[in-house]
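Please look over the structure before reading on.

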Amino acid sequence: MPVQEQRFWVRRKQWHTCAKDPFMPQRNLSILLLATVVSYACYVRGEQNPYARYLADGLAAVEEGSLERVPNGELFSGAMEGMVGVLRRHGDEHSQFIPEEEADPLRTDIRQQFGGIGVRIGFEGEPSRLVIVGPPEPGTPAARANLLPGDRILAIDDRPTEGMNMGEVLRLMRGEPGTKVRLSIQHEHAAEPLPVELVREVINIESILGDRRRHDGGWEFRLADEQRIAHIRIASFGDRTAMELASVVEKVTANGAAAVVLDVRDNAGGALDAAVAVCEMLLPAGKTIVETRGRDQSLRRRYATRLDGRYLDLPVAVVVNQNSASAAEIVAACLQDHQRAIVAGERSYGKGTVQQLVPLESGRSLLKLTWASFWRPSGARIHRIADGAENDTWGVVPDAGFERKLSPEEYAAYREYRASRDMFGLRPGGGTAEDAERPADAGLVDEQLQIAVNYLRGKLDDRTR
């Protein structure tokens, strides 16, 4: 589960040689540099933890004496993976070593911005093939080039995609705005691949989505059958989420919406500060949002609202499901504990730990390290431990009378329904989405959403009586 959590960029001293002896063999220089690093590590950590010295000794022995010469970077990555593996055996399932090829995509997700062409891609089928997943973002190079969901990407800059991993694909697809990328595209019913050359632009990743797409590719937030209620989906929590949400709430309330469903289903989490900012919009000053606790449940920090939120009188309901995690659970739990919103849907994932991103190798790779756990304003635990039982306290449970658990078949139908409402332009089976009030999925009812809507409808009706 792709998860991005609170970021703490930990400063590390960097040691550089001032000059290079032109007569020193490269291997001897490498050994000298390695010895310098090892010596420094021993000096700093040796007294506090002798295993730091043992690890450095082992690395030096392998580098100098192994029968097979192995790049030091690979040895380092192996050591980091090994340490993370020990953490996982002790119950920490979310710490992770992130190598260089995966670090930039993670930073991109947090920043919600990168240079690209505006499509979501993934591997499908057996053998695995790189395809475009869902429609291109409106107004992007991919949309203007009429790339379609299901199109196969056979090559990127003349390099076949067969056998590539996602890290390699992203490095080729993304780049500086203004640079070109060449794709070989196989449309579903075309006899031959189509060469397409696109110019990369700044692509902003949306974290706030609406109820359905309009024919122009924008979002319609107000419900078709209840214009007083806006359906606002938070897909992830990134650097711009709070700003995006504030802008949308301002627009929908100005256009007549009087209540909001905050939908965090399938939201895997994100930045803690973004979750805090969302809660601050809806709560009065002085209310606890979440606590972070370290080892032995010692309090690290209590996050609380500083000022009265701008939307204190706006009726709110939150919808969660089994994939709502981390920052999504913080928002749902906070609003539920302060009786600011009801929670509908089904029990959340129970991912109540926070990771810090520690830069390694001069920032090229990252260690995502679990350093604290989240606790609700009520003092209850959010995190589900590895062997936690269903009747233990963890996650966010919908309020009494507002629970609707989906079977695997119902969830699959919901995902298909949701994908259809998110699509614009050509629809599966033909036709267009020009009539936003008649989406192609009109036959299915989103029961979890409807529970929240019925609650808000009752609140609004009470106000008018």
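Is Asp-266 buried, partly exposed or exposed? Asp-266 is partly exposed, with a relative accessible area of 23%. Here, buried means under 20% relative accessible area, exposed means over 50%, and partly exposed lies in between (1.4 Å probe, protein chains only).

This is a predicted model, in which local features need pLDDT of at least 70 and side-chain atom pairs count only at pLDDT 80 or more, while totals for chains, interfaces and linings use all residues. Residues are numbered from 1 along each chain as its sequence is written, and side-chain values use heavy atoms, with hydrogens and water left out.

**Overall picture**

The protein has eleven helices and 21 strands. These are DSSP runs, numbered from the N terminus: helices are H or I with at least four residues, and strands are E with at least two. Of the 465 residues, 45% are buried. The accessible surface comes to about 24,500 Å². Carbon and sulfur atoms hold 52% of that surface. Accessible areas come from the Shrake-Rupley method with a 1.4 Å probe, and for residues only the protein chains shown count as cover.

**Salt bridges**

A salt bridge is a side-chain nitrogen of Lys or Arg within 4 Å of a carboxyl oxygen of Asp or Glu. By this rule the count is 22.

| Pair | N to O distance |
|---|---|
| Arg-228 and Asp-461 | 3.1 Å |
| Arg-415 and Asp-266 | 3.0 Å |
| Glu-291 and Arg-302 | 2.9 Å |

Take Arg-228 and Asp-461, which meet in a salt bridge. Arg-228 lies in strand 14 (residues 226-234) and Asp-461 in helix 11, so the pair ties together parts 233 residues apart in sequence. Arg-228 is partly exposed at 26% relative accessible area. Asp-461 is partly exposed, also with a value of 26%. Both residues belong to a network of salt bridges that also links Glu-226 and Arg-457.

Next comes the salt bridge between Arg-415 and Asp-266. Arg-415 sits in helix 10, and Asp-266 in the loop between strand 15 (259-263) and helix 8 (272-282), so this pair joins parts 149 residues apart in sequence. Arg-415 is partly exposed, at 41%.

Glu-291 and Arg-302 form another salt bridge. Glu-291 is in strand 16 (residues 288-293) and Arg-302 in strand 17 (residues 299-304), eleven residues apart. Glu-291 is buried, with a relative accessible area of 11%. Arg-302 is partly exposed at 46%.

**A buried aspartate**

Where does Asp-446 lie? Asp-446 is in the loop between helix 10 (408-421) and helix 11 (447-464). Asp-446 is buried, at 6% relative accessible area. Leaving aside residues up to four places away in sequence, Asp-446 touches Arg-265, Tyr-414 and Tyr-417.

**A negative patch**

On the surface, Glu-81, Glu-100, Glu-101 and Glu-102 gather in a patch of negative charge. Patch residues have over 30% relative accessible area and no salt bridge, and like charges are joined within 9 Å. Asp and Glu count as negative, and the charge of Glu is placed at CD. Helix 4 (residues 100-111) gives the most to this patch, with three residues. Glu-101 has its place in helix 4 and is partly exposed, at 35%.

Note on methods:
Patch = residues over 30% accessible without salt bridge, like charges linked within 9 Å, V, L, I, M, F, W, Y side chains within 5 Å. Contact = heavy atoms within 4.5 Å.
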